[in-house]
Amino acid sequence: MRRLGQTGETKRSHNPRGRAWTRAVVLGVLVAGLGWSGPAGADPGTSGLPEAIDTVLGDSRMEGGAASVVIAEAASGDVLYQRAPTSRLMPASNTKLPTSAAAMEILGPDHTFTTDVLTTGRRHGSVLNGDLYLRGTGDPTALAADYDALAAQVAESGVTRVDGRLLADDTRFDSSRLGRSWAADDESSYYSAQISALSVAPDTDYDTGSVTVQVAPGTAAGAEPKVSVTPRTKYVDIDVRATTVAAGGTNDLTVEREHGTNTIVVSGTTPVGGSGAREWVSVWEPTGYAAAVFRDALTAHGVKVTGATRLGRPTPATARRLASHASMPLKDLLIPFMKLSNNMHAEILTKTMGNKVSGEGSWSAGLAAVSGYLKGVGVDTGKLRQVDGSGLSRMNNLTAGQFAELLLAVRAEPWYADWYKSLPVACAPDRFVGGTLRTRMCGTPAALNARGKTGSLTGASALSGYVKDADGRELVYSIVLNNYLASSVKPLEDAIVVTLASSTADRTVTAKAPSGRSAERNGDLECSWRKPGEC
């Protein structure tokens with residue numbers, strides 16, 4: 001029986017206290033160069049499991065594609081199946097597994113992000129003579145309501161006028177806004193929003209750095225559609241080029257932000273009485289967005305700032321705090337982050353880890369921190385490439401073996417229960433429970449059983465996590481599929497996990513991967529990226 005893991009002692013290089021610890025860690029003793037033969041990498045006593053998984057992976061949808069798959073027993077680390085376990089493939093959002101685990105260890109489950117209002121000015125009655133600073137630390141959950149609450153605190157202190165400027169301090173992070181090799185045609189998409197230490201989320205999915213644009217048809221054919229923006233802000237301009245057409249006509253609205261601007265163009269047609277459209281659109285320069293929303297909130301609370309708004313200005317050490325807001329703790333933030341596969345949360349956490357470990361809020365520093373954590377739990381980081389925190393980049397290369405090593409190792413962490421809770425649950429209908437798995441594996445033994453992180457890019461799909469077999473034995477699985485031409489291979493991932501959930505150690509029940517339109521619907525996009533009602 002091959003075993004994934006052994007006992008050893010290690011010291012985590014990212015830990016500022018340098019504490020040593022001893023526990024079972026996974027060292028990845030997978031056989032390099034293992035080919036496509038399942039039985040060659042599995043115990044012969046697994047009663048047909050290798051053959052069953054080979055049958056699933058032999059589906060025509062994977063013709064010409066590449067697969068890296070590892071299945072192990074959680075308690076012992078015994079490998080039950082492996083196919084190309086050391087082949088580096090694009091993992092898409094499975095990249096969030098190492099990012100989230102490292103964040104829990106480095107930042108801690110109780111880490112919060114603070115947003116503060118400070119000043120170096122002096123009060124003369126209700127007038128503050130001096131500049132007002134809005135300082136962010138990266139809160140990806142800050143809503144317009146939170147900035148309104150900050151403004152209310154300033155007003156409640158007795159200030160009605162600020163004779164000075166509004167200075168937005170986003171210097172906790174560097175000025176690099178977009179990740180390495182992110183696709184240019186995703187620029188206006190909310191799942192590819194710019195990263196800043198100061199931003200605004202339009203909703204409680206916490207899609208930070210974006211606005212929601214609602215388009216409703218006019219009352220008659222030829223009328224201009226009605227467009228509204230959430231939160232209400234003049235930071236973005238709406239250019240309506242769309243037309244209302246007669247009832248029964250085509251609804252083909254497009255809502256996109258023009259490159260390098262905050263002009264959002266609404267084009268196409270929408271019929272009278274139709275549903276219109278609702279789109280989440282990223283903004284250009286989220287620091288300015290946060291400052292604009294906060295300035296409007298101050299005005300609404302009767303506080304006038306006479307000076308201009310300036311971005312990227314560090315707050316002096318002598319500044320005193322006038323108002324403060326703290327985010328939910330990281331252990332709670334993991335729910336929207338992992339359940340809905342929020343790319344921006346991953347990148348913000350990456351830069352926050354960089355700042356914590358090396359005092360530099362950059363991707364390079366944050367990724368070094370993630371790498372330090374992975375090394376500490378036995379993953380050979382010299383044999384992987386991670387260039388962002390979310391998996392949005394197509395330059396990321398990891399293996400199913402490395403994901404399996406991580407999934408086994410984190411079970412010994414003190415924060416594991418909170419981290420495990422954040423993984424999507426198969427067929428759980430609540431978006432904040434089922435997440436990106438909420439419509440998958442329903443009506444099977446994997447429903448409400450399997451937990452896993454999904455991953456989706458064009459030609460790249462992944463699913464890694466935990467499932468209990470028919471005997472109640474917990475298994476770890478990692479499935480990374482690349483270079484296929486089918487619109488979706490997620491039915492193959494599901495068939496593998498359902499096979500595991502249906503089988504015992506002595507008897508394998510092979511699940512069939514469904515085909516046809518229902519299986520291919522929506523392709524390989526993450527459900528969360530399509531928003532409620534669209535998957």
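**Aromatic pairs, a helix and a hairpin**

1. Trp363 has a relative accessible area of 8% and is therefore buried. The model under discussion is a predicted one.

2. Nine aromatic pairs are counted in the structure. In one of them, the ring centres of Trp182 and Trp363 are 5.9 Å apart and the planes stand at 80°, so the pair is edge-to-face. Trp182 belongs to the loop between strand E10 (166-169) and strand E11 (210-216), and Trp363 to helix H7 (residues 363-376), so the pair ties together parts that are 181 residues apart in sequence. Trp182 is buried as well, at a relative accessible area of 10%. Over the face of Trp363 lies Lys351, 4.1 Å from the ring centre.

3. Ring pairs also join Tyr416, Trp419, Tyr420 and Tyr466 into a cluster. Elsewhere, the charged end of Arg431 is placed over the ring of Phe432, at 5.8 Å from its centre.

4. Why may helix H1 (residues 49-57) be called largely enclosed by the rest of the structure? Seven of its nine residues are buried, among them Leu49, Ile53 and Leu57. The cover over the buried residues of H1 includes strand E3 (66-73), strand E4 (79-83), strand E24 (474-482) and helix H10 (490-502).

5. Strand E15 (residues 254-257) has Val255 and Arg257 on a covered face, and Thr254 and Glu256 on an uncovered one. Its pairing with strand E16 (residues 263-267) is antiparallel and runs over four bridges, with Val255 opposite Val266. Five residues separate the two strands of this hairpin, and Gly260 in the turn has a positive phi of about 75°.

Key. Residues are numbered from 1 along each chain as its sequence is written. This is a predicted model: local features need pLDDT of at least 70, side-chain atom pairs count only at pLDDT 80 or more; totals for chains, interfaces and linings use all residues. Side-chain values use heavy atoms; hydrogens and water are left out. Buried means under 20% relative accessible area, exposed over 50%, partly exposed in between (1.4 Å probe, protein chains only). Contact means heavy atoms within 4.5 Å. Two strands pair if DSSP finds at least two bridges between them. Rings of Phe, Tyr and Trp (its six-membered ring) pair if their centres lie within 6.5 Å; planes under 30 degrees apart count as stacked, over 60 as edge-to-face and the rest as tilted. A charge sits over a ring if NZ of Lys or CZ of Arg is within 6 Å of the ring centre and within 35 degrees of the ring normal.
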